[in-house]
Every structure is written in structure tokens, then in C-alpha cells.
Amino acid sequence: MLGKQRKQLEDVKNGTAKKWAIVTLAGVIWIAPVMSAGGQMWSGTSWQSVAAAASTNTTKLSEEILTSGAKLMKYRYTTTRSGSKVNVLADVVQVDLQNPHVKLDVMTGKGNKLNSKQSTSGMAKENGAVAAVNGDYFNVSGELSPIGGQVSNGVLVSTPSELKGMYALTVTKDGKPMIDEYSFNGTVKAEDGSTFALRGMNKEDYTVETGSGPYSHANSMYIYTSAWTSPKRPNDPSTTPTEVLVQNGVITQISDKKALNMTVPEDGYILRAHGTAATWIMSHLSVGQTVEADYKLVAKTTGQAVDPKSLQMMIGGHTILVNGGKAASFSRNIASSGIGGVRARTAVGYSQDGRYVYIIAAEKNSNSSGMSLTELQSFMASVGVWKGMNLDGGGSTTMVTRPLAEQSASLTFNTEYGTEQRQVVNALGVFSTAPEGKLKGFKVSGSQTLLAGQEGKYSAKGYDTYYNPIATGNIPLTWKSSNNGIVSVTNGTVKGVKPGTATLTATSNGASSSIKVTVLGGSSLASLTAGSGLGSLQAGTTVSIPVTATTKDGQSVTVPADSLTWEFIGFKGKVKGDQLTVSSVDEGAKVGYAIGRYDGFSTVVVLSAAASETIWENFENVNYPINFTTNAAGVTGSAAVVAGSGEKAGSKVLELSYDMTGGTGKMYAYAQLNGSTGKDVSAAATSMSMDVMGDKSLNWLRGEFTDAKGKTVYADLAKAIDWSGWKKINVDLNGLNIAYPAKLKRVYVVNVEEGQDERAMTGKVAFDNIAFTMPSKSSEVGLPTGTASLVLGKKSITVNGKSKTIDAAPVIKNGTTYIPIKHVLDVFGGQAKWDSKNQRITVIRGSKLIDLVVGQKEFVLNGKRQSATVAPYVSGGRTLVPIRLVSEQLGLTVKWEQNTKTVTISS
């Protein structure tokens, strides 16, 4: 996708037109090109790819049939960047062109018309594709047509642009693929026998890279078909058109120096001419006469003329990537094209014998880091691509596939924006042409992972002899587990019992299908949350505690709360379903803890007198300055409290508007609170929420704190602003290690440099009802404060100036100071519990619960797994913990005095 060109376009067509190609795609002449690992260099005739000196490895992870003649293969590609190994996930749809029951074709926007766009999955659903990827590049601020040529179902939809080094894939109707640069050659023949050259079909205006003049539509004639739905052919204010309507081969209208006020009818086409082409029309064409249009494509490598009618499909792309099974020299300057860096990628290629087409997508999401183009070249060659080219990538990269026995295609992996799909102008689709076959088998579908106590939902769907879904009616199924102690089956209900793996098998009429189900253990979890983690410590109180587990690989699983093992401190209670009930409160208890464990992994609900969310700022009576600022010259905007609209009518909101079209690089638009100082957040907060009016710009939304230690802390409010209108967002602050009291300094929009063309440069967001949850205000009331000092090797502790004896002295091991945690808790409040069986020490203070295991550098803080550089250890029968790590996690401040070997802890 090509973005807005901002300053670079100001001189084109006197600043009135959107000439995109020469700026963003054209190779430029570098006087002294800079080369770096994974970059490119000018060879004098082409841009050479420069592969980083690194070993790579490609491993196939899985393979699944999509339909007869097409299968999905998942790979892990391992490479080295900056001395570190990096794993990338890539997905390949292999299509057998010799299989008569499958074909490739190109889908266009909505209703298979130009001047529209739609998500890849939307096009797949509309057209019944079993698989699809996003297709050609296009000008996002233009008229929504592909830059390259396009043939769909044997019909020429759009011709190649006159740009150098832009490749396209064609497949003939007899199944022969070819990747080449293509040009267009066409003529219009009048009834009197005279002819004039056609320059293209269904093209928006652009700057060409040939010697025939810079403007695509000047002194030229184009043909527009009913695939072009816009009444402007094109929206080009620099050339005045003369247009001819041809219906069923006969001229029905001629409009001299004025566009016809109509769209192209289904039974005809419009010739659009300017300059010398318009003069030819007025000299040789008349209403009622016949006219003929003849055209062909020409392959650059062979010079072969290609009749578009001989093609099943054609899709345009960008640079060539692989030729002869090896990385090819880039055919365009990647740096000036704006497609460098490590991004999600889409590409297509074919095998040496021409039998297989490979549709390729490299993932960039929470599970995968994306690829550079040189890495993509390496990967493509490793999976059998003989010749291949690049398609539009980055935020556009989307692959959808139809799982076996399912009715429609769905996302194969998350895009750079999660499940959000960018709308594009065309997509490459895979289609089944098979007749309906007989029932071949069925597929068990359902979760492959469960937690103990979790019920799983499983079903069986049928597929036919061509691997297409088939109606199976009510198939009588019998379910069986290979180990009921791990996964139980009772009256058709499947439930996880304890960690391990079992095979779940469905049987019907002698046919069977199985799925392996793993019940996850605590070691597989990244976090375990129980509702808000907060509640009121009052007898009779009921707290909703729906438990959600997040695995290390990012899966989010709901777990019945009563399937956890619960321990109550400070009160007596019970958990039934997802409800915690406080039966009675222990005498003198100010804070209560409900500690739930799943296979040893803990979560905690802290009960105190008042731990509710408190509005911190609603912007109704702001008495401090708010101002706009930015990091980049050329970025403008405003930040102010204004009257709300829509659902916020009648209230005031903080509005932040921005215009980044004049800036470059990574750009920020800040709404600063209280000048450059920020506004106080007085006590420890576990979470923050706010109402945000989004602008669907896909920009990054953040907040910036300055904490009690002067440290700047950034909080992600939204990785991508992918919504419009008002929405409440919640931010977990537990893992940010903010030292309180802190200040919220500003909220802001970020447009990072990489992939900048994919996000809006202008927009407006608004904020209201910023709130914090501060359980520490109640759960930490009454905790002792003061200062305690310990000296290495001495069995004493000085508390607020008074010394007392302790039974173990602090020690240093590998540069870290250790001490039994009991001595810290005796001074500053809290409690610790030792689990000898699991070698685990649990520390509780105020609103914090920490689980540490001897010898392990990971610990769990309030249900979230965290990493450390040190671990507890046992010495002389005592468990020693790293004093700085634990104390700071409990909200204490630790200082080290090297000269006196003294540790000072304060609260």
C-alpha cells in the first residue's frame, strides 16, 4: 500500500494532483549509496539484495489440506539478527495447477468492481474462495485501483502501469504460470481505417517512468470498462478529457473536452482521450460509426505477446524476489519504495516445473517478528520457489484459509493489527471447481488445550472426496478419551482433569477422527486473574471472580473459579462457581486475601475496606494548564478541554487533534497535563481506565508517567486506535513498576516511522473519566513506616534508630544481597509462608502477593509471571531471598551504601 506523499507531491502538477509512482516507487539515482546488512546496493543496472551474513533454517510445523489441489503449510524460519537468533512464522498455500479441481483467480474490492476496497476475508466470503491473500499495491489516497495489471476469470480488468521493475504473476487457462514485467500494447481503429494507440485500461493518473512524458493521461487514450465504477475517469484535474461511449461496438455518444456525466454501462466502454488523442477522436470518430479496440500484453523477458483472453488470471506486484531458485537482485529501490525493514510480508511464486504456485505470508504479530525482504527471499527459496515476487505487505498482509470441513475461510494468523484487517483493492484467491463428492470423513474440531476443570466443546464436521465441506446431518458420535485421568468424557461432556496429554476420539459408523488435547500445568501460564482482583472485606459480601488464564503462547482461557484450590487469610469464605462469598471476618483483620492456585500458580483477590475505582479526572473543573506539544517539526495540533458531543454531550472532555502531514520520522502528538509537570497520582494504583474517542487512525495511543524516583514510565493505552466513537479502555499498571506517588504527565498519539503510510496522518481523539484503582489506600492502611538498616555479616537490624538482634545476617552472593524475608516483614508488616513440598515461599504485604520458588528466577506477582536476574536459595536450613527484588516489589525503597556495606530499606 502506498501512503500520502505529503511534501514530496507539492511540485507535481502544480500541487493539484496526486502523482504517486515516481515518488514512492521509482528507483532513484544515489550519488553515494549506503549499504548495510540486509540492505541493497546499486550495481549499475539493478538493485542488488545484500543478505545478512547469518545462518538460516526452515522447519515445517504442520500441513493441512484445504481442498483438492491446495494445502496450507506452516513453517518456522530461524535467522540471526544482530547476533541473536530470531524465529519467524510463515504460512504457505501450495496450489497444484495440474489438479483440475482447483484454480487461482483475482478478486476485486466489493462486487468485483474497481474504485472500492474490502478486507481479504470479505472478498473471500463474497466469492467463495477457500484461501486468499491481499494482492497488489495501490495508492491509499487515490481512486482505489491496483497499480499493476489484473486479469480476473479471463477478463482484463486493469493494465500494468508504466513503471520500471514492477513484476506480475500470470497463469494461463491451461495452467502455466509466469512471473515477468509486462507492458500494454493496444490500438483503437476507426471505421475509416485510421488507428490511434491505446495507453491502458482502467487506470488512475500517475507519473510514468518512460520517455513518453511524465503524465500518464496527457496526449493519451485510455479505455474504461464497467469494472471502473467511478464517474471520473480518472480524477485528474490537469487534463481535460474528451470521451466516447461505445456500446455493442457502436459509438453512441461523443463529448468534446468534457467528461460524460455517467458511469460505464455493462454493455459498453468509454474511450477517454486528451490532447493529440482527443484531436484524433474528433477527426475520425462520429456517433453511429463502429469502432474496434484491440490490445495485448507483452512479456518483457521473452518479448512474447500475450492475449489477455488466454489468461485465467493476472495480479501485479512489486520487485522480483527469487529467480532460478535463488535470491534475485531487487528490480526496484526498496529504500525509496518504503517497503524495507522487518514487516509482515506477502509474496507469490511457483516451482521450477511450473506445477505448483506458492502463496506466501510471513507473520508479524505477538508470536512472530516479521521478515526483511532478504529474509523473505531466503525463505521462499527454501520452500521450493523457483521464481517469485513481492506483493503488498506490512499492515496489508492478510491470509485467510478455510479449515478442513469448514464452510468459509477465516484468518490464518493475526495481522500486524491483531484481528483487524486492512481493506485492500484486490486479493489473490484459491477456488475449488470440484463437483460435490461423497462423504470421505469428518474432522473433530475444538480446543487443543484445556485447563484442569475446564469443559471443552468439540464437534465433528464432514468433508467429501474433494476435501470440501459436506452436509452430514445428525451424525451419531461416540466420544472416548485415551486417559480419563487427564481428559474425562462423561455423557458427552469433555473436561480437563489434571495436567497431561490425552487423545480424544470421535467414532461413527466405523470411521473415526481424533484430536490431541493437552491439559496445561501451572508452568504453562503467564498470568491468572480473578475478576478485578479486588473486593470488600465485609461479612456477607459476594465478589464476582471469573478466572482467566493466559498461557505463555498468548491463549486466553476461562477457568471455573471453583476448580482452583483456594486459601483464605483474614476471613472465612467459600468459592462456588465464579462467586467468592465472605462468611465472616477474622477479628482485627483489616485486609483479607483469597489466594487461588492452579497447579501451584497463584492469583489473589485482595479484600479491603474500600478498593473501588476512583475518578481521577473528568475534565469538568480543570484548574491547571493543558497544552499541545510534539517532537517533530511540521507536526501541528491542539489539546484543550472542550464540550463533548454524542454520548458525551453535556459534559467536558479533553480533545487532542493532530496533523502530521508536514512532519517526518517517528512523530508524537502530546496532550500535556499541568504544563510539563503532570498531575499527581497520589497512591499505588493497580489499574487505570478512561473513556477514549477513537479516530480509527491505527496510530499508537500511550500515556506517560513520571514516578517518585524520577523515572519515566510509558503505559500503552492502545497498540492501534482501531475504533471510532467512544470506548472504555482498561490498562493494567501492575507490571510497570511505578514508584508512587507518581504523576501522569501526558497522553499522546504516536505514528512510528515504519509502515507510516498505513496509518492516518491527521485525526482527533478525546479523553474523559480517567480513573485509577488504588487498593493500597485501604489495604496498606496501618502498615508500619520508617527506616531499617542492615550491615553485611552482622546479625542485627537498626529500625528507626534502634538496634535489635536478628538470627541471620545479610549475605552477598554473586553481587546480590540476600536475607530471610521474615526480618523485613517484621519491620514493615506483612507475612510469609513456606511450602516445603514445592520449595515455594509466599510473601504478602498490603495489596501485593509474591510467590518465589527456590532456584527459579521467575516469580509470580499478583497472578502475573515475571522475570528476575536472581533467585532465592537455601542456606543452613534458611530460605534466603534477594532483598532488593522482594522489597521493591512490596513497595519499599532499598538503598545500598558500598563503603559501609549497609542496606537501607524505607517505607
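1. Let me start with the nonpolar cores, meaning sets of buried Ala, Val, Leu, Ile, Met, Phe, Trp, Tyr and Cys residues joined through side-chain atoms within 4.5 Å. Buried here is under 20% relative accessible area, exposed is over 50%, and partly exposed lies in between (1.4 Å probe, protein chains only). The largest nonpolar core has 44 residues, and Met688, Phe705, Leu717, Phe767 and Phe772 touch the most other members. A second, separate core holds 41 residues, among them Ala460, Val543, Phe571 and Val575. Leu717 is worth a look in the viewer: leaving aside residues up to four places away in sequence, its contacts (heavy atoms within 4.5 Å) include Met688, Met690, Leu701, Ile729, Val731, Val747 and Phe767. Arg702 and Gly703 are also touched by Leu717.

2. A word on the basis of all this: the model is predicted, so local features need pLDDT of at least 70 and side-chain atom pairs count only at pLDDT 80 or more, while totals for chains, interfaces and linings use all residues. Residues are numbered from 1 along each chain as its sequence is written, and side-chain values use heavy atoms, with hydrogens and water left out.

3. For the overall picture, the protein has eight helices and 77 strands; these are DSSP runs numbered from the N terminus, helices being H or I with at least four residues and strands E with at least two. Buried residues make up 53% of the 907 residues. The C-alpha atoms fill a box of roughly 115 × 75 × 55 Å along the principal axes. Of the contacts with a separation of 6 or more, 66% are between residues 24 or more positions apart.

4. Eight strands form an open, antiparallel sheet in the order β3-β4-β5-β25-β24-β28-β22-β23, where two strands pair if DSSP finds at least two bridges between them. Its edge strands, each pairing on one side only, are β3 (57–67) and β23 (326–327). Helix α5 (residues 373–382) packs on this sheet and touches strands including β22 (320–323) and β28 (387–391). The direction of α5 makes about 35° with that of β22; axes are lines fitted to C-alpha atoms, for helices over the stretch in contact, and angles run from 0 to 180 degrees between N-to-C directions. Within the sheet, six bridges join β24 (residues 345–350) to β25 (residues 356–362), and Val348 stands opposite Ile359 in β25.

5. The structure holds 32 salt bridges, each a side-chain nitrogen of Lys or Arg within 4 Å of a carboxyl oxygen of Asp or Glu. In one of them, Arg343 and Glu416 have their closest N and O atoms 2.6 Å apart. This pair links distant parts of the chain, 73 residues apart, with Arg343 in the loop between α4 (334–337) and β24 and Glu416 in the loop between β30 (410–411) and β31 (423–424). Arg343 counts as buried at 7% relative accessibility, whereas Glu416 is partly exposed at 22%.

6. Lys648 and Asp691 meet at 2.7 Å, N to O, and both residues are buried. Asp586 and Lys572 meet at 3.6 Å, N to O; Asp586 counts as partly exposed at 30% relative accessibility and Lys572 as exposed at 52%.

7. Finally, please check Lys745 in strand β62 (residues 742–751). At 19% relative accessibility, Lys745 counts as buried. Beyond its sequence neighbours up to four places away, Lys745 touches residues including Glu704, Phe705 and Thr706.
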